[in-house]
Amino acid sequence: MAFKENVRSIMREDIFHLPKLRSEKDYYSDVKCLFEGYQNKVRLILDEDEATEIPDICTGILDSINAYNDGLPHRSYIHFKKCMDILNKGRNRLVLFQKSNLISRYSGNQNDPLHLYRVRAIEENRTYQRTEIFHTPYHLREKVATCRYSISGFPSLYMGTALALCVEESIQKSDRLFIGSKFQMNRSTRDNGNINIQVMDLSIKPQDFLKVPGVDGNVFYSQQDGDDLAHRYLYWYPLIAACSFIRKSKNDPFSPEYIIPQLLMQWVREQYVKSSHHEELVGIRYFSCASRKAAELGFNYVFPVSGKSEESLGNHYCSVLANAFELTKPIIIGKDNLDFWQSNMDHSEFNRVNE
């Protein structure tokens, strides 16, 4: 049997499907149990040299969780970084998808813009400005709660590929009114201020991995690249899985399910590279882990703030994100009739966040 078929046979087993529901045990125990079953399967299809690195990845992730639970977040990150050293080398390396056009600033060649949606709860029925649905401003960091890929006090811009997904996730957090906007990524470096936009893609669920045309639906990857991509996914599965546990207690201040995804975002932020011509903006694309229903509605994108600001934004908003995205003016939306609200956004004008 071809290697990619062996990998697919593992990923089809229900026990490895994502997102994962928590058991009555703690997060560490749930991850450990999942990893033990996974390693037993992997040993059957990898040779001895390759089979040593996946246990190292699993052990490193578990050590990271354990160190965090011991109140040692710095040591937790050291363990995690060792895992990423394995995952970010050679054949294991996960490709960052290029979202901006770097071929030529003046070629006029621009890919189709990426359209996303964002929804947030509001307190009152009034007119809202674009800044009010952008990321939480720097001077209000105290209002930033912990999120899956960002820590308390650190603003990030979360968006979804479907309005229905954004509403489904927001319903779980609030019964208040909502505003919504449609976002458009400025892919052209000519328009976005020389920002090189890249995305780490963690959005392929194992149950959807390497779908076969005519049998499983659409093809995610070409058959030509099948073995290399299967090998890569086999290595990255433990990290994707550890990031994809549904939050057990949504009203509690601490979410152990967020430990690993937040460490991953910290690692991603360390990868920002500045050059004389371009600045890097690196985000993460992932399937929703708010619920199993939400996981089927689309994908989420998260982009962390750079820390940079400019006077035209009142020094309160990230100038890198402000250049990377345009958005429609927020409108008040309901939880029903989503086709109507989405159509309204689809026919609205895009503009910069401060305009």
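This is a short tour of a predicted model, stop by stop. Residues are numbered from 1 along each chain as its sequence is written; local features need pLDDT of at least 70, side-chain atom pairs count only at pLDDT 80 or more, totals for chains, interfaces and linings use all residues, and side-chain values use heavy atoms, without hydrogens and water.

Start with the largest nonpolar core, which has 59 residues. Such a core is a set of buried Ala, Val, Leu, Ile, Met, Phe, Trp, Tyr and Cys residues joined through side-chain atoms within 4.5 Å, where buried means under 20% relative accessible area, exposed over 50% and partly exposed in between (1.4 Å probe, protein chains only). Among the residues with the most contacts inside this core are Tyr 149, Trp 236 and Leu 264. Colour helix 8 (226-242) next: helix 8 supplies the largest share of this core, 10 residues. Helices (H or I, at least four residues) and strands (E, at least two) are DSSP runs, numbered from the N terminus.

Now select Leu 264. Beyond four places in sequence, its contacts (heavy atoms within 4.5 Å) include Phe 80, Met 200, Leu 239 and Ile 284. A second, separate core of 30 residues includes Tyr 138, Val 199, Leu 313 and Val 320.

Move to Gln 198 in strand 5 (195-202). With 14% relative accessibility, Gln 198 counts as buried, and its contacts include Phe 97, Val 282 and Phe 303.

Asn 315 has a positive phi of about 60° and, at 42% relative accessibility, counts as partly exposed.
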